[in-house]
Amino acid sequence: MLPNYLIIGAARCGTTWLARNLMTHPEIFMHEKKELHFFDWYYDKGIDWYEREFAGARVKAVGEATPAYLYHERIASLIKRQMPEIKLIVSLRDPVERAYSAHRFKERERQEQNISVSFAQKASTGSRTISEGLYFTKLQRYYDLFEKEKILVVLYDELESDPSEYLRRVHRFLDVRDDFRSPLIGSRINSSLTKAELFRQLRNRDSDSDIDVEKVSDETRTTLLRQYYLEDIEKLEGLIHQDLSEWKRAAQ
C-alpha cells in the first residue's frame with residue numbers, strides 16, 4: 001500500500017520528535033527509517049518500490065517523514081501525481097532559531113575537522129542554512145496543488161509549550177484516537193540518535209541533548225529578520241492563517 005500521510009518538513013523543526021512519537025500510536029504506522037527520500041533521491045526506482053516499503057502496514061494512518069520534500073521544487077507535483085489524496089504535515093520553526101539549530105548541528109562536524117564558523121558569519125552569507133527558513137514559496141507549492149484541509153501546519157513553538165496538544169492536533173488530523181498518550185511525550189529526541197541511544201534516552205527523561213543552550217544575539221536576529229525573513233514571515237501568516245508575531249520580535 002501507499003502512504004496516506006507524509007511529514008514533509010521542515011528540517012530542524014521537530015520532525016524527528018514527531019515521527020518517533022507517532023510510532024508509538026497503535027493506529028499509526030510510521031516508517032522506522034523516517035527519511036525514505038523517495039520523491040527526491042529514489043523516484044526513478046518507481047512507485048512499486050516505494051509501495052513495498054509499506055507492505056504489511058495494516059493500520060489507519062500509514063506514512064513516513066522526509067523533511068527534504070518541502071525544499072525541492074518538483075516534489076509537490078510528484079506527490080500529487082502519485083497520491084492525490086495524501087495528508088501532509090508540516091512543522092515550522094522560527095526561521096532564525098531554525099537556522100541557528102542547523103548551524104550548531106553542522107558545527108559539531110566542523111569542529112571535528114578543526115574548522116569553525118560563527119553563526120554571525122554564516123548569517124551574513126545567505127547560505128543554505130539561512131535559505132531553508134524561507135518557508136512561504138516552498139509551502140505555497142503545496143497549497144497550489146492540495147486542498148487546504150489536506151495540509152496541517154504545526155509550529156515548533158507549540159511543541160515546546162504544550163507537546164501533548166501539539167501531538168493531539170496531529171492525531172486529530174490523521175483521524176486516529178487523540179486520547180492516546182505517547183510514552184515519549186516528555187523526551188527530547190535528537191535526529192542523530194541510533195535506536196539503542198534512543199532507548200537509553202527514554203530511561204533518562206532528563207536528557208536534553210537536542211536543546212540549544214546558547215541563544216542568538218539580538219543583533220544577529222535583527223539582521224536576519226531585516227535582510228531575509230521578515231517579508232517571508234508576513235506572507236506565510238497570510239498563507240497558513242496563524243499569528244507569527246513572536247517570530248518577528250527584535251525586527252524593529
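1. A salt bridge here is a side-chain nitrogen of Lys or Arg within 4 Å of a carboxyl oxygen of Asp or Glu. By that rule the count comes to 17 salt bridges. One of them joins the side chains of Glu-246 and Arg-249, at 3.6 Å from N to O. Buried is used for under 20% relative accessible area, exposed for over 50% and partly exposed for in between (1.4 Å probe, protein chains only). Glu-246 counts as partly exposed at 47% relative accessibility, and Arg-249 is partly exposed too, with a relative accessible area of 32%.

2. A word on the basis of these notes. The model is predicted, so local features need pLDDT of at least 70 and side-chain atom pairs count only at pLDDT 80 or more, while totals for chains, interfaces and linings use all residues. Residues are numbered from 1 along each chain as its sequence is written, and side-chain values use heavy atoms, with hydrogens and water left out.

3. Do have a look at Arg-221. Its salt bridge with Asp-94 has the closest N and O atoms 2.8 Å apart. Arg-221 belongs to helix H11 and Asp-94 to the loop between S4 and helix H4 (95-112), so the pair links parts of the chain 127 residues apart. Helices (H or I, at least four residues) and strands (E, at least two) are DSSP runs, numbered from the N terminus. Arg-221 is buried at 3% relative accessibility, and Asp-94 is buried at 5%.

4. Arg-221 also meets Glu-97 in a salt bridge (3.2 Å, N to O). Glu-97 lies in helix H4 and Arg-221 in helix H11, so this pair ties together parts 124 residues apart in sequence. A network of salt bridges links Asp-94, Glu-97, Arg-221, Glu-246 and Arg-249.

5. Next, the strands. S5 (residues 151-155) has five of its five residues buried. Ile-151, Val-153 and Leu-155 are buried on one side, Leu-152 and Val-154 on the other. S4 (residues 87-92) pairs with S5 in the parallel sense over five bridges; pairing requires that DSSP finds at least two bridges between two strands. Leu-88 stands opposite Ile-151 in S5.

6. On packing, a nonpolar core means a set of buried Ala, Val, Leu, Ile, Met, Phe, Trp, Tyr and Cys residues joined through side-chain atoms within 4.5 Å. The largest has 50 residues, of which Phe-39, Leu-92 and Tyr-142 touch the most other members. Helix H11 (residues 218-240) gives the most to this core, with seven residues. Another core, of 21 residues, lies apart from it, and includes Trp-17, Leu-167, Leu-174 and Ile-185.

7. The aromatic rings deserve a paragraph. Rings of Phe, Tyr and Trp (its six-membered ring) pair if their centres lie within 6.5 Å; planes under 30 degrees apart count as stacked, over 60 as edge-to-face and the rest as tilted. The structure holds 16 aromatic pairs. Phe-38 and Tyr-50 are stacked, with 4.3 Å centre to centre and 10° between the planes. Both have 0% relative accessibility and count as buried. One aromatic cluster includes Phe-38 and Tyr-50, with Phe-29, Phe-39 and Trp-41 among the other members.

8. Lastly, charges over rings (NZ of Lys or CZ of Arg within 6 Å of the ring centre and within 35 degrees of the ring normal). Lys-80 lies over the face of Phe-146, 5.0 Å from the ring centre. The charged end of Arg-93 sits over the ring of Tyr-156, 4.0 Å from its centre.
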